[in-house]
Amino acid sequence: MNTIRLTAAQATVRWLAAQSVEGDGGPVPFFAGVWAIFGHGNVAGLGEALHGIGDALPTYRAHNEQGMAHAAIAFAKASNRRRAMVCTSSIGPGATNMVTAAALAHVNRLPVLFLPGDVFASRRPDPVLQQVEDFGDGTVSANDCFRPVSRYFDRIARPEQLLDALPRAMAVLIDPADCGPVTLAFCQDTQAQAYDWPESFFEPRLWHFRRVEPDPRELWMLRDRLSKAKRPLIIAGGGVHYAGAADILADFTRATGVPVAETQAGKGALAWNHPANLGAIGVTGSAVANKAADEADLIIGIGTRLADFTTGSRRLIHNRGRDLVQVNVAAFDAYKQGALPVVGDGARVLDLLAAGLSGWTAPAGWVAALADARAAWDAQVEAVTAPPAGPGLPTDAQVIGAVQRSSAQDAIMVCAAGGLPGDLHKLWRVKRPGGYHMEYGYSCMGYEIAGGVGVAMAQPQRPVHVMVGDGSYLMMNSELAVSVMLGTKLIVTLLDNRGFGCINRLQAATGGAPFNNLLADARHRVMPDIDFAAHAASLGAIAEKVADIAGLEAALARARTADRSTVIVIDTDPRPSDAGGGAWWEVAVPETSPREQVRQARAAYEAKGRGT
Ligand SMILES: Cc1ncc(C[n+]2csc(CCOP(=O)(O)OP(=O)(O)O)c2C)c(N)n1
Ligand SMILES: [Mg+2]
């Protein structure tokens with residue numbers, strides 16, 4: 001056997017660079033690159049190896065490990081999970097900074113490979129700088145925090161473990177059902193250790209994405225239910241995008257007349273004005289989609305996790321004991337909430353279903369009965385997103401309207417947390433597939449700008465818009481400087497309502513006093529007048545503050561032709577916009593309180609049958 005002598009780190013990067021998948025125009029590397037912040041634990045081992053491999057596996061430097069991991073995960077999401085990136089950190093804080101991002105990838109089922117540095121396998125110099133030192137367990141390191149948020153976790157303490165660990169990692173990253181984060185905690189002495197590797201280990205390999213065929217009996221059950229349904233509704237989730245099923249869904253709905261409602265991750269499966277698209281469903285849903293869910297006699301989820309925001313904390317889709325079918329490539333999701341499972345690839349299921357229905361269409365009266373509600377909803381969207389008639393602070397919806405009017409056909413909207421996801425889900429009109437990138441599985445503040453960098457890397461030819469609240473921006477903005485450095489241009493609209501507006505509203509809705517959310521309601525000696533434009537400019541972006549919606553539209557037009565990332569700041573009203581879909585969201589209200597408003601909120605909560 002021919003062997004080649006390399007360190008474990010050198011072998012890792014060489015192997016990663018040799019893995020490819022089928023792209024649009026032929027094979028492309030599966031790993032688009034490595035985000036790295038070095039320290040002890042990776043600079044000498046992986047750092048040396050990454051330098052050596054050069055452009056075959058490009059390395060990118062960030063400012064915050066969580067931010068770089070957000071960029072990597074966003075890259076994978078914007079690539080519909082067909083490509084991914086790697087993140088490596090030093091041991092200790094560099095590693096644990098990535099744990100939140102690992103959880104984000106875990107809940108959103110997105111592929112990312114974490115290579116955090118780990119303590120010495122030999123333990124000779126223990127305790128090393130940043131070692132956490134468990135008193136009762138010598139095998140624990142900070143990286144054990146990754147275990148519950150990794151689909152596959154391993155600790156590499158000998159070089160030859162990689163012969164199995166790396167292919168096993170790849171098998172998880174490309175698996176449609178198991179897809180999620182992989183963590184290979186890489187002991188720092190092991191990274192530097194040499195080994196005689198079989199040359200065959202590094203031969204280029206082309207990986208194939210499996211399409212899971214549905215079980216004939218499950219498919220038959222679905223066909224049977226659908227052909228008897230009077231008022232069927234499809235809920236399209238993120239799995240529709242990952243299965244590449246958006247076009248097939250459009251054809252299916254055109255042929256059968258079954259209407260579609262979209263989750264946050266599924267939004268954009270159909271163009272906003274497709275005749276079958278009823279828009280957003282759930283707590284952040286449109287009145288028409290929620291009405292359809294309320295009246296449907298059969299709901300078919302395709303590629304959805306049935307999270308509480310989609311189901312109105314189960315109330316929206318489970319009332320009156322209607323049938324629920326879950327088409328999902330993961331059995332874990334297919335069996336949720338008493339659904340009839342159809343385990344399989346969404347595109348294959350729709351194809352086979354259409355073939356088996358042989359000309360069946362949904363009763364025409366069902367969609368016709370929703371037409372008025374849809375027209376009324378569309379008119380409401382127009383009204384709340386129109387420029388304000390008079391003076392006063394604009395609402396988030398009015399800002400969304402301005403960004404919508406100023407954005408190109410192929411623009412991508414990136415957002416994650418705050419009040420914006422709810423308004424964008426309802427109000428944003430997706431013109432082209434992939435035009436809506438919402439991280440609402442973990443809804444992690446600070447994802448927006450870093451995530452935007454990853455989206456721009458995955459879709460360099462499409463304009464990337466980011467909408468972010470003042471709270472999210474303050475939590476993590478450092479990768480704005482990376483976007484300038486890398487030329488991954490973002491058009492950022494920053495809505496400054498001086499605090500955590502949506503949590504302030506949630507607090508009021510649960511009877512709470514205005515407390516610790518808006519800056520004015522937080523303990524302070526001085527009320528900071530934060531100059532976000534100056535801050536963004538200091539990071540190298542083009543930045544300006546605008547006075548009103550007209551000023552915002554003019555600034556957005558300038559940003560479209562600017563040569564780098566632009567941040568446009570606008571003051572907004574922290575009160576809500578008035579477009580609501582009427583679904584409930586369960587948040588536990590205190591059972592006893594001296595506050596009358598809390599007692600009233602508790603009574604309303606109990607009236608829903610909750611809290612017992
Ligand atoms: C990392 C993280 N911490 C806390 C939360 C809970 N949370 C959700 S939205 C929000 C406030 C966001 O404020 P801002 O970005 O200004 O948006 P606004 O609510 O004002 O629209 C908070 C604290 C979260 N989603 N993520
Ligand atoms: Mg805010």
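The following legends describe close-up views of a predicted model. Local features require pLDDT of at least 70 and side-chain atom pairs pLDDT 80 or more, while totals for chains, interfaces and linings use all residues. Residues are numbered from 1 along each chain, chains are lettered from A and ligands numbered from 1 in the order written, and side-chain values use heavy atoms without hydrogens or water.

**View 1. Protein donors of the magnesium ion (ligand 2).** Donors are N, O and S atoms within 2.8 Å of the metal (3.2 Å for Na, K and Ca); water is not among the atoms, so sites may look incomplete. Along the chain, the donors follow the spacing D-x26-N-x1-G. N497 counts as buried at 13% relative accessibility, and G499 counts as buried at 9% (buried: under 20% relative accessible area, 1.4 Å probe, protein chains only).

**View 2. The aromatic pair of W35 and Y60.** The structure holds 12 aromatic pairs (Phe, Tyr or six-membered Trp rings with centres within 6.5 Å; planes under 30 degrees apart are stacked, over 60 edge-to-face, the rest tilted). The W35 and Y60 pair is tilted, at 5.5 Å centre to centre and 40° between the planes. W35 lies in strand 4 (residues 31–36) and Y60 in strand 5 (residues 59–61), so the pair ties together parts 25 residues apart in sequence (strands: DSSP runs of E, at least two residues, numbered from the N terminus). Both residues are buried.

**View 3. A charge over the ring of W207.** The charged end of R205 sits 3.8 Å from the ring centre of W207 (criterion: NZ of Lys or CZ of Arg within 6 Å of the ring centre and within 35 degrees of the ring normal).

Conventions:
Buried < 20%, exposed > 50% of the residue type's maximum accessible area, 1.4 Å probe, protein only. Helix = DSSP H or I, 4+ residues; strand = E, 2+ residues; numbered from the N terminus.
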